[in-house]
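Please look over the sequence and the structure below before reading on. The briefing that follows takes up helix packing and then aromatic rings.

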Amino acid sequence: MKLTLSSVDDLSARVEEARAEYERQYPGEPEQRRPVHTVSVPADRFTATTAADLGKEALRLLDAHAPSGAVAATAFGIDAALGDTVRERVAAKLARDPVEDLRIDFADGYGVRDDAEEDGHVAAAVEAVAQAYETRSLPYYWGLRVKSFADGGHERAMRTLDGFLTGLAERLGRLPGGFVMTFPRIVSSEHVRIFGDFLGRFEEEIGLPEGLLRYEVQIETPQSVNQLPEILGEAGKRLSVAHFGVRGYTAALGLPPSEQRLDHPACDHARHVMQVALSGTGVRLSDGSANVVPAGEEAKDVHKAWRLHAGLVRYSLLHGFYQGWDEHAAQLPSRYAAVYAYLLNGLDDTVERLRAHRSGQGDGGDDPATVAALTARLRSAVDCGAVDRDTVRELID
């Protein structure tokens with residue numbers, strides 16, 4: 001080198017500072033379990049047995065309308081070779097762990113009520129959550145969706161959260177794990193800042209550790225798509241997930257109800273912006289809901305809805321969105337069938353490549369990023385029940 005080491009010391013220090021700042025902003029994918037869906041239930045219909053009840057109804061539909069692997073493959077539009085395996089594992093999932101993430105909805109799915117009525121439903125939700133926790137039937141992730149600050153519901157949203165969290169602390173003496181809040185319909189990043197300030201004040205008031213209360217945002221307006229970096233900056237480490245709100249977003253763009261669908265090209269744009277803005281930040285991505293339910297109880301109606309819903313789930317998966325919203329028991333079989341088929345397709349190749357990498361016998365074609373992606377895919381397959389943990393334990397633990 002022409003320059004002495006001392007003459008470039010300041011440059012090296014700046015490189016290290018830039019690297020440290022990059023690692024702060026982009027810590028990488030979170031290690032926590034990633035659910036395949038979020039199930040929304042209106043607050044006035046939520047009970048301690050809601051998750052189990054949804055599973056029972058979904059299993060009834062599966063047994064009635066997909067009694068074999070061959071019928072399941074046709075009904076869900078999956079590879080016939082995977083029919084038996086997928087059907088068996090979906091049935092086991094619905095019986096054991098039908099809902100991975102549940103949101104008690106005090107927003108659009110609940111509507112506007114007077115304060116006394118909503119306060120009553122808050123108290124009922126506290127008791128239902130407490131009973132589910134005590135019987136170990138609370139889903140792995142669970143929480144509340146409150147009203148949007150954009151629609152004048154800010155005072156009600158804060159009152160609902162305060163009442164729920166205070167009531168649960170009094171009832172159980174603790175906040176069960178897996179709790180998360182959903183903050184919907186953002187039109188200004190300033191609302192995100194205010195919501196965070198409210199959570200900070202609440203933590204201080206009742207003695208919770210600072211930053212304990214994390215939340216999700218719903219990206220369902222053009223303004224929120226444009227302000228994603230600002231939203232991330234205001235939310236900071238409290239932000240865990242960004243959900244795409246398909247119907248709110250497409251309606252805001254002026255699309256008619258018939259075009260308010262997950263696979264509309266306008267939605268592709270919003271999802272890609274979300275991916276670019278949030279990749280590597282540690283914030284998970286989740287797709288929106290599909291307003292698809294059977295028109296009746298006949299097999300042809302159920303199969304039609306399943307094929308359509310499973311196709312939309314696959315569309316999300318192929319675009320890198322591994323989580324989405326479900327709103328009806330009939331969507332659970334098609335959600336899990338589509339996810340399981342997607343994860344099982346190419347499973348043998350994934351396992352073989354990871355084992356070769358672990359043993360040092362690979363051909364060197366898989367770089368660290370690829371290995372990390374393969375491991376994450378396999379871990380997701382285990383977490384959701386598509387693959388038995390014991391068969392691949394050495395590759396994911």
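In this predicted model, the axes of helix α13 (residues 331–344) and helix α15 (residues 368–384) come within 10 Å and cross at roughly 140°. Because angles over 145 degrees would be needed to count as roughly antiparallel, α13 is described as oblique to α15.

**How α13 meets α15**

- The crossing in which α13 passes α15 is left-handed.
- On the side of α13, the contact is made by V339, Y340, Y342 and L343, while α15 contributes R377, S380, A381 and C384.
- Sorted by class, the contact of α13 with α15 has 6 nonpolar residues, together with 1 polar and 1 charged.

**Aromatic pairs**

- A search of the whole structure finds 16 aromatic pairs, and one of them is the tilted pair of F76 and W306, with 4.8 Å from centre to centre and 40° between the planes.
- Since F76 belongs to helix α3 (residues 69–76) and W306 to helix α12 (residues 299–318), this pair ties together parts that are 230 residues apart in sequence.
- Both F76 and W306 are buried.
- The rings of Y336 and Y340 have centres 5.9 Å apart and planes at 50°, so this pair is tilted.
- Y336 and Y340 are 4 residues apart in helix α13, which means that about one helical turn separates them.
- Y336 is buried, and Y340 is buried as well; Y340 is also one of the residues through which α13 makes its contact with α15.
- Ring pairs also link F149, F183, F195 and Y215 into a cluster.

Conventions
Residues are numbered from 1 along each chain as its sequence is written. This is a predicted model: local features need pLDDT of at least 70, side-chain atom pairs count only at pLDDT 80 or more; totals for chains, interfaces and linings use all residues. Side-chain values use heavy atoms; hydrogens and water are left out. Axes are lines fitted to C-alpha atoms, for helices over the stretch in contact, and angles run from 0 to 180 degrees between N-to-C directions. Helices (H or I, at least four residues) and strands (E, at least two) are DSSP runs, numbered from the N terminus. Angles under 35 degrees count as roughly parallel, over 145 as roughly antiparallel, 65 to 115 as roughly perpendicular and the rest as oblique. A crossing is left-handed if the near helix is turned anticlockwise from the far one by less than a right angle, and right-handed if clockwise. Contact means heavy atoms within 4.5 Å. Ala, Val, Leu, Ile, Met, Phe, Trp, Tyr, Cys and Pro count as nonpolar, Asp, Glu, Lys and Arg as charged, and the others, Gly among them, as polar. Rings of Phe, Tyr and Trp (its six-membered ring) pair if their centres lie within 6.5 Å; planes under 30 degrees apart count as stacked, over 60 as edge-to-face and the rest as tilted. Buried means under 20% relative accessible area, exposed over 50%, partly exposed in between (1.4 Å probe, protein chains only).
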